[in-house]
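This report goes through a model of two protein chains. Please have the sequence and the structure open while reading.

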Amino acid sequence: MPAESKVKIALDVNGEPAEVAFAPHKTLLEVLREDLNLTGTKHGCELGECGTCTVLLDGTPVLSCLVLGLACAGHRVKTVEGMALGGRLHPLQETFADLGAAQCGYCTPAFLLAAEALLTANPKPTRQEIKEGLAGNLCRCTGYIKIYEAVELAAARLRGEAAEPTQESLYGRR
Amino acid sequence: MGDGKRRKVGKLESKTRSNIPTVQPSRVIGKAHRKIDAVAKVTGITKFADDLAFPRMLYCKLLRSTEPHATITRVDTSAAERLEGVIAVLTGKDLPIPFGILPVSQDEHALCLEKVRFIGDPVAAVAATSEETATAALDLIKVDYEPLRAIASAEDAVAHPEPRIHDYGDSGNLHKLIDLEFGDVAEGFAEADLVREDLFFFEGNTHLPMEQHAAAAVWSADGKLTLWSSTQTPHYVHRALAKVLELPPARIRVIATPNGGGFGGKSDPFSHEIAVAKLAMVTGRPVKITLTREEVFYCHRGRHPTLMWVKTGVKRDGAITGMHFRSLLDGGGYGSYGVASTYYTGALQTVTYQVPRYKFQGARAFTNKPPCGPKRGHGTPQPRFALEVHIDKIAEQLKLDPADLRLKTLVPPNSLTANYLRVGSMGLGACIEKVVEGSGWRKKFRKLPEGRGVGLACSSYISGAGLPIYWNNMPHSGVQLKCDRGGGVTVFCGSTEIGQGSDSVLAYVVAEVLGVDPFEIAVVTADTDLTPVDLGSYSSRVTLMTGNAALQAAERAREILALHTAKKLAVPADRLVFADGRVFDAQDPDRGMTFAEAVQLAEAAEGTIGTVGSYTPPRGAGAYRGAGVGPSPAYSYSACVAEVEVDPATGIVRVPTIWIAHDVGRCINAAAVIGQVEGSIYMGLGEALMEEMAYRGDLKVVHKIPSLLEYKSPTTLEMCDVVTYLIEDPDPNGPFGAKEVGQGPLLPVMPAIANAVYDAVGVRVDEIPVTPEKVLKALRKKGKGEEGRVGPSSFPDIPWPEPTHVPPPWDGGDGKAVLTPGASPGITVPARQR
């Protein structure tokens, strides 16, 4: 098959300007993984069904498998690689790690970004609001519960509260 | 501590709590920890198989059958080969050697040779310079099929022995037939006050890991092959590659990348792994494949659709006098783990409640569907569903509370079952009491308003299988351990991280023994060049088996370090404590040295400090054909109460809360144990209410819904609240007493929900999943005065083989089969509490 000629765009990726050339039919998911080598963004279906490829486009969660790379010219894209700053984990990353909200870790980057967008819009979400905010992301390992707890804990810490995991979430009910 | 030796000697019955390894006080074991790979997972650094890329890499795509059952008359790849960018095309004749996970079922070809057996069966493989080109090339491959009548279900296979899907198997399209009898069940039924028969059906469902299977292969001109794959079983993939590619195993390196979820679905060697390896050899270039989500549905190896019939005799107080269980499994197009799955549908009925006489008949059919295999719980969720609903019905007939009935009939710890399974620690009683109390069972059961209900169910699961998949006398798990002069420790083990935390288990166990921080331990796993064999992440074996191997290696290292440290400090070696990165005198903690200094001392005296550890499970007690499936070093136990709300207008079942108690023996990492329990409840909830592999109801046998959107699985909006209780009843065979947790807690969820639906609206849905349609249908039947039940109505006639008679231990049996029933003298009914 004759190779399609590449197009070049400029965009902001994780707070840094980037230029990237790619075949024009490529999705943002493919551009991130294949042309920018940011493989932290995963895929589960490439059909917009599972949420696994979620990234933030100008701060809004999008399914990167359904967004054309070309459409991102001039926009801000944030991936999981952009969450930890200066070698320090984002509070969500800390709580996901401590509570076991990441088991296999495959859906984790997407959940982290969806949760970050949720907390930006709503710093004190209820459990129900967390469920609704993350309803577009599938996880097969955790049963979501550790994810809710991690989001709640990170939210408290982001609000400046000195919150710790509950005994029940780590050891079960006595 | 000679752990391996101790396990092999003596009768289990003689074991007491004093045999349980204890490390007092525990610094690492039992606490809640971050997993050692957690930071890599939350930062996106973890490299999954599809994250790998190599210079000059080619992309592979598989052409899959569009016919469910057909003879291949011609494959023409010439047009595909001419497409620019296509480097190689393979067909069945390029890989003619068969393979399969079980030695008795070597019935797969990487690419179909003479016939196809399901829609999705791989027929040809293309390697091209881009994924788009490889995909375009598939359209240019011409395959001529001569269709054969397809076999659409297990019942269809029973009714149609011809055309045969395979030219092997026990009878026509019946792959495997089993008939085992442990004692005279007819006598048991004659003794009973109540004999009850029930029929159940459990629909097939699939693992649905979020990561699509992927594999990459590199061939080196010096004749070496490396394969990276999202596999749970690199050792078995290694063996399959050597066989099919006719390469010496020493020239093949298999690296299992961290699996983005497995749940059993990545436990078989797969066509795509062999195809990329062969394409790398043929082209001399790296080749990668990532399956589409649709293809993941065709790989399947998930839950067998299973029809079950169970007949049980009970005394008035609920004591079981005999049980007869039949299962008919729809195996799909290939053997996979199916022979083991079939045995598993009859194996673990005996380890929860005392069954003095037991008969099991199991059959597995070949059908023209994606092959079934091991999914979380492997062959045991279906019979557990049947058994626990059956017992709920028995309890109602006897006017007994189902919790009390179960508590009265529990298998005692340290005992042998009718089918010769050795039960060690047994915490089910404590589990039942916890969920009964926690859920408010006594105030809710049969007392909640119409539309709301509670249901109880219990279960047990193996902590690893007693036998390996291929016959050998070698250990099931091996560990090598290296101590560095700087104080670091590296653990090498063939185990595979699939999200369950197996890498971390190695670090915690070694950290506990050597007194170092788990995060100062490097863990190297799942690489056949670097790590000793571990059989794989299946059958909930990893914590127990690799944990024991790591324990042995670490204790050997501690012994070496203690020898030299003791000399230097002039302290008896048995007084040394390894803790907080130091080695010191228990009686004078200031008298000591750093762990690194201890390593340096030992290294100066002995040279490089490295040790090994290995683990082999104890021998099973049964010696009859089929006794290999069921034995385990330890059984976990779970009890579950589900509360449901049923909308009589829509039939929709909502589950607000599940209470689960799990006897894990002992936690290695408490937070990870809780995570496994919650994940199991989640997956059980999906199976109970919505997940099913659905095919069109005609002989095309097309999968209706091979997508994540249409295959319903619980989202955050369906997931229930979970209240978890951990019961720690340490088992002498587990490392620090640990048993499994990854699969067992899934098992009671489906029957607990089905029982709760009955409590809520008085109808029995004897079929999984319990969908709104079925609930409505049952409600309508009930409304018309008929039996408020939806479920199977008959079990087909199966050409069962002659039964194998094995007298139970209390009938003088020794675990071997006898020629005629009743040949053993002194048949007596066992005492209730043996």
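The sections below cover confidence, the contact between the chains, helix pairs and sheets.

## Basis and confidence

Residues are numbered from 1 along each chain as its sequence is written, and chains are lettered from A and ligands numbered from 1 in the order in which they are written. The model is predicted: local features need pLDDT of at least 70, side-chain atom pairs count only at pLDDT 80 or more, and totals for chains, interfaces and linings use all residues.

The model has an ipTM of 0.98 and a pTM of 0.96. Two residues are in contact if their C-beta atoms, placed from the backbone, lie within 7 Å. Residues 823-834 of chain B also stay under 50, with 18 contacts beyond four places in sequence.

## Contact between chains A and B

Chain A places 43 residues in contact with 52 residues of chain B. On the side of chain A that touches chain B, helices α2, α3, α5 (145-158) and α6 (167-171) each supply at least two residues; α2(A) gives the most, with five. Helices (H or I, at least four residues) and strands (E, at least two) are DSSP runs, numbered from the N terminus.

By class, this side of chain A has 24 nonpolar, twelve polar and seven charged residues. Ala, Val, Leu, Ile, Met, Phe, Trp, Tyr, Cys and Pro count as nonpolar, Asp, Glu, Lys and Arg as charged, and the others, Gly among them, as polar.

## Helix pairs

In chain A, α2 (residues 91-99) packs against α3 (residues 108-121) at about 130°, the axes being 10 Å apart. Axes are lines fitted to C-alpha atoms, for helices over the stretch in contact, and angles run from 0 to 180 degrees between N-to-C directions. The two helices α2(A) and α3(A) are therefore oblique to each other; angles under 35 degrees count as roughly parallel, over 145 as roughly antiparallel, 65 to 115 as roughly perpendicular and the rest as oblique. Their crossing is right-handed; a crossing is left-handed if the near helix is turned anticlockwise from the far one by less than a right angle, and right-handed if clockwise. A:L92, A:Q93 and A:F96 of α2(A) meet A:T108, A:L112, A:A115 and A:E116 of α3(A). Four of these contact residues are nonpolar, two polar and one charged.

In chain B, the axes of α7 (residues 234-245) and α8 (residues 271-283) come within 10 Å and cross at roughly 55°, which makes the pair oblique. This crossing, too, is right-handed. The contact consists of B:V237, B:A240, B:L241, B:V244 and B:L245 from α7(B) with B:E273, B:I274, B:A277 and B:K278 from α8(B). Seven of these residues are nonpolar and two are charged, with no polar ones.

## Sheets of chain B

One open sheet of chain B has four strands in the order β21-β20-β19-β25, with mixed pairing. Two strands pair if DSSP finds at least two bridges between them. Neighbouring strands are turned by 20° on average, direction ignored. Strands β19 (residues 477-483) and β20 (residues 489-493) of chain B run antiparallel and are joined by five bridges, with B:C483 opposite B:V489. Helix α15 (residues 502-514) of chain B lies across β19, β20 and β21, at about 140° to β21(B). Helix α16 (residues 542-569) of chain B also packs on the sheet, touching β19, β20 and β25, and its direction makes about 150° with that of β25(B).

A second open sheet of chain B has the order β18-β26-β27-β28, again with mixed pairing. Its edges are β18 (452-462) and β28 (721-727) of chain B, and the twist averages 15° from one strand to the next. Eleven bridges join β18(B) to the antiparallel strand β26 (residues 635-646) of chain B; B:I462 has B:Y635 as its bridge partner.

## Strands of chain A

Strands β3 (residues 54-57) and β4 (residues 60-63) of chain A run antiparallel, joined by four bridges. They form a hairpin with two residues between them, and A:D58 in the turn has a positive phi of about 50°. A:L56 has A:P61 as its bridge partner in β4(A), and stands opposite A:K78 in β5(A). Two bridges join β3(A) to β5 (residues 76-78) of chain A, and these strands run antiparallel.

Conventions:
pLDDT = per-residue confidence, 0-100.
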